[in-house]
Structures are given as structure tokens and as C-alpha cells.
Amino acid sequence: MSGKPELRGRAARLARLLPAGAGQAARTPFVFLVVMLLGGGLIGLLVLNSALSEGAFRLDDLQKDTKSLTDEEQALQRDVDAYSAPDALQRRARELGMVPGGDPAFLGPDGTVKGVPGAAGSAARSPVIPPPEVLAPAPRTKGPTASAASRRSSAARVPVPSAQPSTTPGR
């Protein structure tokens with residue numbers, strides 16, 4: 001007898017379907033496939049990690065750009081706020097020769113005038129547009145002539161008259 005027990009019935013029929021030899025399948029293709037899958041997976045992870053790192057660097061650069069642009073926007077907003085402040089507008093208007101308006105008069109629906117209109121400051125005595133020497137910046141020169149030029153430019157400036165209070169009664 002051989003070392004194998006004899007199979008009977010269903011087991012014998014199934015045994016005939018299997019190959020009769022020692023039946024060692026070639027392991028080389030399987031090992032090669034597993035190594036290729038592992039290597040491909042590692043290379044894929046390396047590429048994915050590199051792409052994520054590149055995205056992180058780009059995100060950092062964009063955040064720095066956003067911060068600098070935000071700082072610039074805030075500085076510009078401060079400048080706009082400073083120029084639109086009431087005292088700054090009043091100062092610039094006076095530099096241009098503008099004067100405060102007088103007391104207004106209002107027309108009623110029936111055509112009657114309510115209030116007494118007042119003159120706007122002393123607009124009749126001062127020119128609305130200052131002369132060109134006031135608007136032009138003084139030339140800057142070196143040496144002792146610079147102080148003479150600054151004296152000439154300050155003497156050429158037209159004083160801005162102040163608004164006179166009106167003596168009209170209230171509305």
C-alpha cells in the first residue's frame with residue numbers, strides 16, 4: 001500500500017478532478033505581482049505626499065500675500081478716513097478759499113419764506129480761486145537763498161477770512 005488512504009465515493013470523484021502530481025504552482029509570477037503592487041503603492045504615496053506638500057507651500061505663500069494685502073487695505077482705509085474726517089474737509093475747504101454758508105431760508109408749500117437768508121461768510125471780499133503763486137509749491141534751493149524763497153512764498157499766501165457769525169433770529 002501506498003502511504004495515502006484510499007478514497008471512496010464522492011471524495012474519489014473529487015480527487016480525480018485535481019492534478020495527480022505534487023502540484024507546486026509557480027510562485028515567481030505571484031511574488032512578482034505582490035512586489036509590483038507594493039512598489040506601485042509606495043510610489044503613489046510618494047507622489048501624493050509631494051503634491052500635498054506643494055499645495056501646503058502654495059497655501060502658505062497665498063496666506064502671506066493675503067496678510068500683506070489686508071495690511072495695505074487697512075492703511076488705505078485709514079488714509080480715506082483721515083481725508084474724509086470733518087476737520088480735514090474743513091481745513092482743505094479753507095485752503096481752497098471756501099467759506100461756511102450763511103443761514104438758510106426755507107420756502108413753505110404756499111410760497112412763503114421762512115427765516116432770513118444770511119451771507120456766506122465774507123465771500124464777496126475774498127477770491128474764490130487763490131492766485132497761482134499760492135497753489136504752486138515754493139522752489140527749493142540750497143544755501144541762504146532758500147530762506148528768502150520761503151519768506152516770499154509765505155508772504156504771497158492769501159489769508160483765508162474766518163466766517164462771521166450772523167445775527168439773524170432763529171427759525
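I take a patch to be made of residues with over 30% relative accessible area and no salt bridge, with nonpolar side chains joined within 5 Å. The model I am reading is predicted.

**Entry 1: the patch**

I looked for nonpolar surface under that rule. F30, V31, V34, V35 and L38 make a nonpolar patch of about 470 Å². V34 sits in helix α2, which covers residues 28–83. Its relative accessibility is 33%, so V34 counts as partly exposed. That value clears the cut-off of over 30% that patch residues need.

**Entry 2: the salt bridges**

Next I turned to charge pairs. Side chains of opposite charge can pair when their charged atoms come close. How many salt bridges does the structure hold? I find two.

I took D60 and K64 to begin with. Their closest N and O atoms are 3.7 Å apart. That falls within the 4 Å limit for a salt bridge. Why are D60 and K64 separated by about one helical turn? They are four residues apart in helix α2. D60 has a relative accessible area of 32%, so I log D60 as partly exposed. K64 has 53%, so K64 goes down as exposed.

Then I went to K67 and D71. Their side chains meet in a salt bridge at 3.4 Å, N to O. Both residues lie in helix α2. They are four residues apart, about one turn of the helix. Is K67 buried or exposed? K67 is exposed, with a relative accessible area of 53%. D71 reaches 39% relative accessibility and therefore counts as partly exposed.

**Entry 3: the chain as a whole**

I stepped back to the fold. The protein chain has five helices and two strands. What pattern does the protein chain follow along the sequence? I read α-α-α-β-β-α-α.

I checked burial next. The protein chain has 171 residues, and 5% of them count as buried. Buried here means under 20% relative accessible area. The protein chain exposes about 15100 Å². Carbon and sulfur atoms supply 64% of that area.

Last, I looked up contacts. I kept those between residues at least 6 apart in sequence. Of these contacts in the protein chain, 45% join residues at least 24 apart.

Key:
Residues are numbered from 1 along each chain as its sequence is written. This is a predicted model: local features need pLDDT of at least 70, side-chain atom pairs count only at pLDDT 80 or more; totals for chains, interfaces and linings use all residues. Side-chain values use heavy atoms; hydrogens and water are left out. Patches are made of residues with over 30% relative accessible area and no salt bridge: like charges are joined within 9 Å, nonpolar side chains (Val, Leu, Ile, Met, Phe, Trp, Tyr) within 5 Å. Accessible areas come from the Shrake-Rupley method with a 1.4 Å probe; for residues, only the protein chains shown count as cover. Buried means under 20% relative accessible area, exposed over 50%, partly exposed in between (1.4 Å probe, protein chains only). Contact means heavy atoms within 4.5 Å.
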